[in-house]
Amino acid sequence: MLILKFFLLLILLLQEKQCSATSDISTTEFKHVAQLHDKYRLQWNFNSTHIIFRAQAQTQGYMSFGLSIKGGMYDSDIFVCTHRNTCTDRYSMETAMPKVDDSQDYHLFNDSTNGTHRTIIFGRKLQTGDNKDLDITYKIPGESTVYSCTMFMLPNISTKHHLVKVEPVIQQGNERYVHHMILYSCRRGTKELHRTEHRCYNKNMPDDFWSCVGIIVAWAVGGQSFVYPKDVGFSLGMPDDPTIVLLEIHYDNPGRKTDGVDSSGFKLFYTPELRLIDSGILEVGADPSRLQIIPPRAASFRVYGICPTQNFGDGEQDVIYAFASLLHSHLAGTAMRLRKISGNGSISLVTEDKAYDFNFQENRFFPKPIPIRKGETLLIDCIYNTETRSNVTTGGFHTEEEMCIAYLHYYPRITLARCRSNYDATELMSDFLSANMKSKSCVVMPNTTNVCKKYLTVMSQVDWKKDTIETFQEITSRVSYEVKQYMTVTGQWQYSATKLPDFVQQEVHQRKTSSKNSKSEGAVCVLPSWWAMIVFLIVSIIMQK
């Protein structure tokens, strides 16, 4: 009898713990919803430890709900309801009847029918600890840099709406991990991929993920909500507007912590009350390629990105108006600047940050919209300090690698969405090291017999002295640049070649000359302290005479 009482008490304690953990989660009003099928609707609420679902299907009998990483029955976690109030936690390793899980981790709150539909309300822990259950939230891997990509189907909007506000939702406690988030529009995608997560830019990433290129929203650490101007909004619901999106989250985890679980993302506010003008985002920058080299031990090395705007899109307007920008770099960045050059050669500033802070990146509105006309050239330059680094820094997605990108908010929306460039590495290697670059994995140095070295190996072996860095900087200002531009209507990249404006070489030369002059003009002869004492005594004796 004592054992039985203890067992009953244990059950009551476990139920009380379950109820207390979910007491702040509503089982009547649900915030999140997904129409998984025309006859199956799913809603849910959650807190930091638990989640509660409300599933409704057009059936009077059998009903189930499953979680699967790959979207099929293989390796899936399933909650199966047969007869009324008869539901079990099951799992499946194949396309067959799911097996009953030894650990019953789902809790049934309600099971009802109304003559046409069956509704079940049930819940469980986000992480049950059972290896037959799938964790519902995304666990941040113990790696220094992780890019996570998740595809979503936007709500079905049959008429035009405007996106008027974007709010970043960073899970409390994960502010130190979430470095930046970008929401891309996708040209392809299926319902099966809805809420599917994969590593970004990985060879195993689904093909449809690669179609997500146009940018809808960009946010970086330190940024706040973005509210569009009163007459401007991002169009949704029209034939050319996105219906499928990809959320990219960059997790920065230098301590390689393994205890982080994250559910961060964006909250989008849209309205049928239309604004006057459709807006867009134009990305301008240096291509974050490993061909991009920043020397070590440099106090202020510049990287350039150039964007000729001869093509805004077929049949589109000749001028757009930029009204805000987000400047983005990584740890070595100290300053960024975006300028435009008109057809007559005049230069004007679009935006700049003279004291770039990696931990404080935000969208900044301009005092008034800045016109950018078709045919003008956009030029971005970023300054990096690598004095504490002993090896070269490359362009790339890792936090220790570098980026040089400006996200321009503008109106009205055009076809041109992204514009990236990088110097011609073959031409650079010839001018800088008299080397023959056949590919990234085959660089032949002078006076060698077709001995191939990898590009990065060759650049890492350079003796990066001050004069060498200055020579390298001068060459990067005059060689050809390869430009690629993404057009949203065709979904294609367009490629061209150009050079930086002539004044860039003049600026490089002026900085070099100014640096040498300041050192010569500022030369001071400093005597040891005992010499100063002798001079003082001699002057004193002369004055006494």
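**Exercise 1. Find the partner of Asp318 and say where the two residues lie.**

Step 1: Asp318 forms a salt bridge with Lys374, with 3.7 Å between the closest N and O atoms. A salt bridge here is a side-chain nitrogen of Lys or Arg within 4 Å of a carboxyl oxygen of Asp or Glu.

Step 2: The pair links distant parts of the chain, 56 residues apart. Asp318 sits in the loop between strand 24 (301-308) and strand 25 (319-328), while Lys374 sits in the loop between strand 28 (364-373) and strand 29 (377-384). Helices (H or I, at least four residues) and strands (E, at least two) are DSSP runs, numbered from the N terminus.

Step 3: Lys374 is partly exposed, at a relative accessible area of 30%. Buried means under 20% relative accessible area, exposed over 50%, and partly exposed in between (1.4 Å probe, protein chains only).

A note before you go on: this is a predicted model, in which local features need pLDDT of at least 70 and side-chain atom pairs count only at pLDDT 80 or more, while totals for chains, interfaces and linings use all residues. Residues are numbered from 1 along each chain as its sequence is written, and side-chain values use heavy atoms, leaving out hydrogens and water.

**Exercise 2. Work out which parts of the chain Arg337 and Asp381 tie together.**

Step 1: Arg337 and Asp381 form a salt bridge, their closest N and O atoms being 3.0 Å apart.

Step 2: Arg337 belongs to strand 26 (residues 333-341) and Asp381 to strand 29, so the pair ties together parts 44 residues apart in sequence.

Step 3: Asp381 counts as buried, at 2% relative accessibility.

**Exercise 3. Describe the salt bridge of Arg420, then place it in its network.**

Step 1: The partner of Arg420 is Asp287, and the closest N and O atoms are 3.5 Å apart.

Step 2: Arg420 lies in strand 32 (residues 416-423) and Asp287 in the loop between strand 22 (280-286) and strand 23 (293-294), so this pair ties together parts 133 residues apart in sequence.

Step 3: Arg420 and Asp287 are both buried.

Step 4: Through salt bridges that share partners, Glu283, Asp287, Arg418, Arg420 and Lys484 join into one network.

**Exercise 4. Describe the surroundings of Gln473.**

Step 1: Gln473 lies in helix 4 (residues 466-476).

Step 2: With 7% relative accessibility, Gln473 counts as buried.

Step 3: Leaving aside residues up to four places away in sequence, Gln473 touches Ser300, Phe301, Arg302, Tyr304 and Val508; contact means heavy atoms within 4.5 Å.
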